[in-house]
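Please walk through this model chain by chain, and then look at where the chains touch.

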Amino acid sequence: MNKAKTFPYFFAAPAILLFLAFTVYPIIASFVLSFQERVAGEYVFAGLKNYTRLWNDDIFWTAMQNTFIIFVVQVPIMIILAMVLANVLNNQLLKLKGFFRVSFFLPAVTSLVAYSILFSIMLQEEGIINTALSYIGITAIPWLSDPFWAKASIIIAMTWRWTGYNMVIFLAALQNIPEDLYEAASLDGANKFKQFFYITVPQLKPVILFAGILSTIGTLQLFDEPFNLTGGGPADSTMTLGLYIYQSGFEYFDFGYASAIAYAVVVMVGILSIIQFKIAGDE
Amino acid sequence: MRKVIGRVSFLLIMMLVLGACSSDNSSSEGSAGEGDGSGKKVTAWAWNINVPVLEEAAKKFKEENPDFELEVVELGREDVYSKLTTGLQTGGKGLPDIILVEDDRVQGYMETFPDAFVNVSDKGFDESKDSFPTYKTELLSKDGAMYGFPFDGGPTGVFYRTDYFEEAGVNADDIKTWDDFIEAGKKIKDATGKAMLGLDLNGDDGLYRMMMTQQGTFYFDDEKNVNFTSEESKQASEKVKMMKEAGLVKDTVGWDAWISAMAQGEVATAPSGAWLSGSITQQAKDTEGNWGVFKLPAFEEDGNRASNLGGSNYVITSASNNQDLAYDFMEFFSTNDDVQLTAMDNGLFPTLNTIYENEAFTQEVSFFSNQPIWELFASEMNDIPSVNFTGNYAIASDESIKAQSEIMNGKKSIEEAYKAAEDRLKNRIQ
């Protein structure tokens with residue numbers, strides 16, 4: 001009897017302890033840290049100073065704005081692309097399905113640094129992309145040195161990396177849509193496009209929400225692409241919250257301030273997730 | 001009974017898990033030198049070409065101290081800083097005895113973590129102070145005491161393609177001022193179609209920093225006031241802008257693009273620190289014999305042509321349990337001519353001035369058209385001005401690069417951009 005009661009806890013214990021040590025403790029510690037500053041090598045309580053500074057920090061707001069622009073442009077493009085790809089790859093008529101699926105998913109598992117370096121080489125002023133564009137008569141685009149195009153480069157890189165990942169999620173969900181829905185629709189004379197919009201999309205709604213939230217969190221934490229590709233430049237035009245947290249902590253040694261930014265991100269992730277749930281309705 | 005067994009095993013599991021964490025801790029502390037009790041092992045963190053130099057030095061040091069053992073952990077440069085920052089943040093846990101830190105970073109650590117590094121003046125290093133250029137010893141000093149060992153330096157020069165210069169009929173000896181440099185750039189562009197130099201206009205301000213140092217100042221003046229709106233800053237920025245507007249600049253984003261522009265012969269010059277010689281010798285092998293070096297042009301005729309870019313130092317961490325041995329080794333490392341000559345073989349330019357008379361410095365280097373380039377760099381060492389990096393270098397550098405970027409993209413004038421950068425910087429470091 002007793003044994004049966006305590007038994008599950010043994011199995012849960014390691015996971016719980018690790019969770020306490022590596023998730024709960026850092027969450028609490030960084031919260032405390034966000035109210036502290038370093039004076040002559042010692043941490044002292046600083047009240048709301050880090051947060052008021054955050055409110056007045058132009059770079060923070062620029063980073064917010066950049067993150068928001070990237071979010072608004074990139075996430076919809078990626079989700080729609082992923083959905084379309086998933087549908088195409090789910091098509092019965094398509095040959096070599098496995099090959100295509102792997103090819104699209106591959107970017108998600110490549111090394112971050114390797115892919116960023118590749119992109120930065122390709123996006124150089126005389127890089128392969130501009131060379132290719134010149135053949136179709138488009139003049140060289142300053143991919144990494146112009147504020148607008150630098151953002152575009154980040155969006156392209158992120159889309160390349162994460163579309164396949166989201167596509168796999170959608171592919172899995174597509175398997176769960178009953179075949180008879182499509183059958184009934186085609187009997188009623190609905191073409192492929194109508195089927196997509198009136199059956200596939202509504203059926204995928206919970207998954208779209210899930211992918212949307214994951215991407216939202218991912219975008220708010222965006223770090224690798226700007227860090228490796230643009231360093232936040234030119235002139236902060238690709239500075240993101242994740243990169244600013246890193247710089248404040250590890251380059252400017254201001255861990256208290258970095259923690260304050262991190263908590264601002266947490267609050268925003270929370271708010272955005274609630275909004276998404278509300279828009280999606282249902283549960 | 002079962003209940004007891006249950007609780008005991010629950011505790012055991014907890015101990016296992018926690019034990020796994022804590023044993024991790026003690027083993028990393030072990031690397032801080034308290035070690036296995038023998039007390040003869042010293043650990044160091046360094047990157048890249050510094051590693052073989054340390055190892056060679058340890059071999060030599062061992063001849064006198066047979067028990068001595070050095071463990072060099074090779075890490076990436078950025079990783080060393082991340083780990084050092086985290087280690088200091090947690091009060092010195094997991095840090096090794098010796099760490100390599102670059103010139104531009106070291107004051108940041110000394111200010112933010114005042115007790116981080118061992119005071120080497122207390123241990124007697126002041127005796128050797130005269131063997132190093134003042135700009136180096138001042139960099140490592142706080143309240144009159146030194147907290148590190150000067151190692152390599154980056155005396156500057158303009159690396160240039162002798163063949164392009166010849167084709168355009170430009171004589172490198174005639175380039176005395178930055179204006180001459182720009183004129184030469186235009187000629188070379190006309191004759192060869194090549195850009196004069198590669199710059200990462202939105203990501204790095206190396207040329208501006210060299211020009212500031214050359215004029216005896218930096219992001220901050222001697223009193224630590226922000227210096228962006230100074231006359232020196234304006235002059236430096238103007239020259240960079242003139243180069244850009246004359247079409248002499250190839251925008252190379254990042255280190256790799258910059259080096260490959262040299263390797264592929266797309267640029268005619270590269271103003272940089274002496275350490276660049278190592279990189280081009282290795283990565284632009286095909287261009288052997290087509291390179292030369294001249295000193296940075298001055299701002300006005302007969303002005304100062306010595307400057308510095310980059311360089312590094314070794315520090316002993318206060319967390320080390322083996323400070324005396326680490327000190328003995330590092331003192332040997334820093335002041336031994338043979339060790340510093342191995343550093344040179346590895347492409348690092350030593351700041352230990354007792355070796356400049358060595359024949360290694362007068363030898364002709366075939367890659368550089370048989371020019372004795374080391375002699376040229378060594379001749380600068382006493383003229384390199386001391387500048388104030390301060391603990392806020394990283395933030396200042398961020399603002400400086402932004403200002404440069406805004407100027408080069410035509411968004412703001414030099415005055416506007418640096419005024420704005422100065423205001424922002426003052427705000428950020430208050």
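From the N terminus on, the elements of chain A run α-β-β-α-α-α-α-α-α-α-α-α-α-α. That comes to 12 helices and 2 strands. The C-alpha trace of chain A spans about 75 × 75 × 30 Å along its principal axes. Keep in mind that this is a predicted model. The predictor gives the complex an ipTM of 0.72 and a pTM of 0.79.

Next, the annotation. An unreviewed UniProt entry places the feature "transmembrane region" at residues 7-28, 68-90, 102-122, 204-223 and 255-275 of chain A. Two of these spans can be checked against the model. Residues 7-28 of chain A are 100% helix and 0% strand. The end C-alpha atoms of residues 7-28 of chain A are 30 Å apart. Residues 102-122 of chain A are 90% helix and 0% strand. Here the end C-alpha atoms are 23 Å apart.

UniProt also lists "domain: ABC transmembrane type-1" for residues 64-276 of chain A, again from an unreviewed entry. In the model, residues 64-276 of chain A are 77% helix and 0% strand. The end C-alpha atoms of that span lie 19 Å apart.

Now take one helix pair in chain A. Helix α3 (residues 58-89) of chain A meets helix α9 (residues 192-220) of chain A, and their axes come within 10 Å. They cross at roughly 140 degrees. α3(A) and α9(A) are therefore oblique to each other. The crossing of α3(A) past α9(A) is right-handed. From α3(A), the contact residues include Thr67(A), Ile70(A), Phe71(A) and Gln74(A). From α9(A), they include Phe196(A), Thr200(A), Leu204(A) and Ile208(A). By class, the contact of α3(A) with α9(A) divides into 11 nonpolar, 8 polar and no charged residues.

Turn to chain B. Its pLDDT averages 87, and 91% of the residues score at least 70. Where is confidence in chain B lowest, and where is it highest? The lowest mean, 49, belongs to helix α1 (residues 2-34) of chain B. The highest, 95, belongs to strand β3 (residues 98-102) of chain B. Over residues 17-37 of chain B the pLDDT is below 50. Beyond near neighbours in sequence, this stretch has 26 contacts in the model. Where pLDDT is low, the predicted coordinates should not be read in detail.

Chain B has a helix pair to inspect as well. The axes of helix α8 (residues 206-214) of chain B and helix α9 (residues 231-245) of chain B come within 9 Å. Their crossing angle is roughly 140 degrees. α8(B) and α9(B) are therefore oblique to each other. α8(B) passes α9(B) in a right-handed crossing. On α8(B), the contact is made by Leu207(B), Tyr208(B), Met211(B) and Met212(B). On α9(B), the contact residues include Glu232(B), Ala236(B) and Lys239(B). The contact of α8(B) with α9(B) has 6 nonpolar, 2 polar and 2 charged residues.

Finally, bring the chains together. Their contact takes 32 residues from chain B and 29 residues from chain A. On the side of chain B that touches chain A, α1, α3 (77-89), α4 (103-112) and α15 (393-408) of chain B each supply at least two residues. Which of these elements gives the most? α1(B) does, with 9 residues. This is the helix with the lowest confidence in chain B. The side of chain B that touches chain A divides into 13 nonpolar, 12 polar and 7 charged residues.

Methods:
Residues are numbered from 1 along each chain as its sequence is written. Chains are lettered from A and ligands numbered from 1 in the order in which they are written. This is a predicted model: local features need pLDDT of at least 70, side-chain atom pairs count only at pLDDT 80 or more; totals for chains, interfaces and linings use all residues. pLDDT is the predictor's confidence in each residue, from 0 to 100. Helices (H or I, at least four residues) and strands (E, at least two) are DSSP runs, numbered from the N terminus. Two residues are in contact if their C-beta atoms, placed from the backbone, lie within 7 Å. UniProt positions are given in the numbering used here, feature names are shortened, and annotations may be inferred rather than shown by experiment. Axes are lines fitted to C-alpha atoms, for helices over the stretch in contact, and angles run from 0 to 180 degrees between N-to-C directions. Angles under 35 degrees count as roughly parallel, over 145 as roughly antiparallel, 65 to 115 as roughly perpendicular and the rest as oblique. A crossing is left-handed if the near helix is turned anticlockwise from the far one by less than a right angle, and right-handed if clockwise. Ala, Val, Leu, Ile, Met, Phe, Trp, Tyr, Cys and Pro count as nonpolar, Asp, Glu, Lys and Arg as charged, and the others, Gly among them, as polar.
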